[in-house]
Amino acid sequence: AAFLYVFSSEWWLRGLDEGTFLGISAPGIVELDGKQYRVKAWLDRTEPLESGFRITAPFRFTMTAPKEDPASYHSGNGIFLLAYQQEEARIVKDKEVLWQDRVSAMRQWLKNVIHTCFPSDADPFARALLMGDTSLIDYETDTDFKVSGIRHVIAVSGLHVSILIALLSTVTFRRKYFTVPVGLGVLLIFAALAGFSPSVTRSCLMSALLLLAMLFNREYDGATALSFAVLVMLIGNPLVIASVSFQLSVASVSGIYLFDSKIRVWLQSCFADPKGKKWKQKGISWFCASASITLSAMILTAPLCAYYFGMVSLLGILTNLLVLWLIMPVFLGILAACALSFVWSAGAVFWGKLVSLPVTGILWLTRALARFPLAAVYTSSIYIVL
């Protein structure tokens with residue numbers, strides 16, 4: 001028997017009929033021999049639990065092994081024990097309130113707001129874009145994102161953090177003595193809401209160094225910031241190196257720092273048109289910048305995608321050019337809907353319906369490109385690998 005303190009929970013296995021569930025999964029803290037460990041538990045319940053419940057029940061425990069893909073996901077996030085309920089449990093509300101409870105309550109509030117403000121077809125995408133919660137993304141849609149090469153959009157990472165920092169700088173009029181302390185707090189809260197996933201932790205650490213460099217009038221060096229973020233994360237949890245999210249995040253940023261400027265210069269030399277009109281030159285500059293960032297990130301991430309996911313998207317550059325420019329207004333629109341819900345619920349619902357229009361367009365475009373012949377190649381064949 002063990003005492004399990006639950007932070008949140010969700011349905012983990014759906015039946016054939018909608019609304020039929022075989023149980024819930026719940027992250028939390030377990031007390032064993034007077035010590036506390038982070039754990040992921042599977043409980044025999046049909047209704048999710050709120051944060052702050054203490055469960056007493058016999059559990060079967062297994063350790064997460066880094067060599068196994070599902071287990072490396074857990075160990076990369078600092079979870080080294082998996083618990084499976086064996087018999088009837090006693091569940092009581094704990095009087096003690098932990099900081100994880102407050103974060104879980106905030107996450108649940110955001111989920112409820114998004115569910116209320118956005119139509120059912122846009123709800124899963126909005127939740128994934130804002131919090132990195134892909135639990136409602138169905139298998140077909142997730143596969144479409146992978147095949148079309150924009151799976152990174154629904155995994156909270158540097159793209160989302162950079163949008164957040166840009167918004168914060170605009171709101172604070174770039175006054176560093178106000179931007180920096182507020183920004184550091186916002187980064188901490190955002191990382192907590194995203195579950196401190198490796199990709200968002202890496203991005204928030206680097207953004208924090210950027211803010212501190214601004215405060216102390218120091219030059220910001222991206223490669224140094226990346227090295228620092230990786231070092232801090234490895235000290236906190238050495239097995240984070242086994243996380244696919246961590247590897248892809250570091251590889252994409254490394255590729256951008258190594259190859260972006262060279263690829264951009266080469267593309268600009270290929271498409272340069274000195275006699276072209278001003279709008280044409282801006283279009284060429286935007287295309288070269290977008291394509292160079294996508295290409296440089298793919299140089300190091302493509303081998304990892306081939307190894308872990310068994311596929312490499314051939315339409316990733318095209319999909320990113322068509323979709324990425326929409327991500328920033330959609331992300332800001334979701335934030336605006338959440339903020340508006342405080343003062344005007346009907347207005348928030350109306351705004352959510354407006355924001356859902358480009359979301360529907362993104363989903364349709366992703367689905368269409370994923371159906372394109374040779375949208376991706378699969379490494380299950382040795383001939384394709386060669």
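Begin by selecting helix α4 (residues 139-148) together with helix α12 (residues 345-370), whose axes come within 8 Å and cross at roughly 65 degrees. Axes here are lines fitted to C-alpha atoms, for helices over the stretch in contact, and angles run from 0 to 180 degrees between N-to-C directions. That angle makes α4 roughly perpendicular to α12, on a scale where angles under 35 degrees count as roughly parallel, over 145 as roughly antiparallel, 65 to 115 as roughly perpendicular and the rest as oblique. The crossing of α4 past α12 is left-handed; a crossing is given this hand if the near helix is turned anticlockwise from the far one by less than a right angle, and is right-handed if clockwise. Show the side chains of T141, D144, F145, V147 and S148 on α4, and of L363, T366, R367, L369 and A370 on α12, which make the contact, where contact means heavy atoms within 4.5 Å. These residues divide into 5 nonpolar, 3 polar and 2 charged, with Ala, Val, Leu, Ile, Met, Phe, Trp, Tyr, Cys and Pro counted as nonpolar, Asp, Glu, Lys and Arg as charged, and the others, Gly among them, as polar.

Before moving on, keep in mind that this is a predicted model, in which local features need pLDDT of at least 70 and side-chain atom pairs count only at pLDDT 80 or more, while totals for chains, interfaces and linings use all residues. Residues are numbered from 1 along each chain as its sequence is written, and side-chain values use heavy atoms, with hydrogens and water left out. Helices (H or I, at least four residues) and strands (E, at least two) are DSSP runs, numbered from the N terminus.

Now colour the chain by pLDDT, the predictor's confidence in each residue, from 0 to 100. The protein chain averages 85, and 93% of the residues score at least 70. Confidence is lowest in strand β2 (residues 10-11), at a mean of 53, and highest in helix α8 (residues 222-236), at 95. Over residues 11-21 the pLDDT is below 50, and this stretch has 21 contacts in the model beyond near neighbours in sequence.

Next, select helix α5 (residues 158-171) and helix α11 (residues 316-340), which pack at an angle of about 60 degrees with their axes 10 Å apart. That makes α5 oblique to α11, and the crossing of the two helices is right-handed. On α5 the contact is made by L159, H160, I163, L164, A166 and L167, and on α11 by L324, I327, M328, F331, L332 and L335. By class, this contact has 11 nonpolar, 1 polar and no charged residues. An α-helix has 3.6 residues a turn, so residues three or four places apart point the same way.

From there, turn to helix α6 (residues 176-193) and helix α7 (residues 198-215), which pack at about 170 degrees with their axes 9 Å apart. That angle makes α6 roughly antiparallel to α7. The contact draws on K176, Y177, T179, V180, G183, L184, L187, F190 and A191 of α6 and on V200, C204, S207, A208, L211, L212, M214 and L215 of α7, and its residues divide into 13 nonpolar, 3 polar and 1 charged. In the loop between α6 and α7, pick out F196, which has a positive phi of about 50 degrees although it is not a glycine. F196 is partly exposed, with a relative accessible area of 35%; buried means under 20%, exposed over 50% and partly exposed in between (1.4 Å probe, protein chains only).

Then select helix α3 (residues 123-131), where 9 of the 9 residues are buried, so the helix is largely enclosed by the rest of the structure. The elements covering its buried residues include α2 (99-117), α4, α5, α6, α11 and α12. Following α3 is G132, whose phi is positive, near 75 degrees.

L374 lies in the loop between α12 and β10 (376-378); its phi is near 60 degrees, a positive value in a residue other than glycine, and L374 is exposed, with a relative accessible area of 64%. L239, in the loop between α8 and α9 (244-271), counts as partly exposed at 30% relative accessibility. A302 lies in helix α10 (residues 278-309), and its C-alpha atom is separated by 9.4 Å from that of S252, 50 residues apart along the chain.
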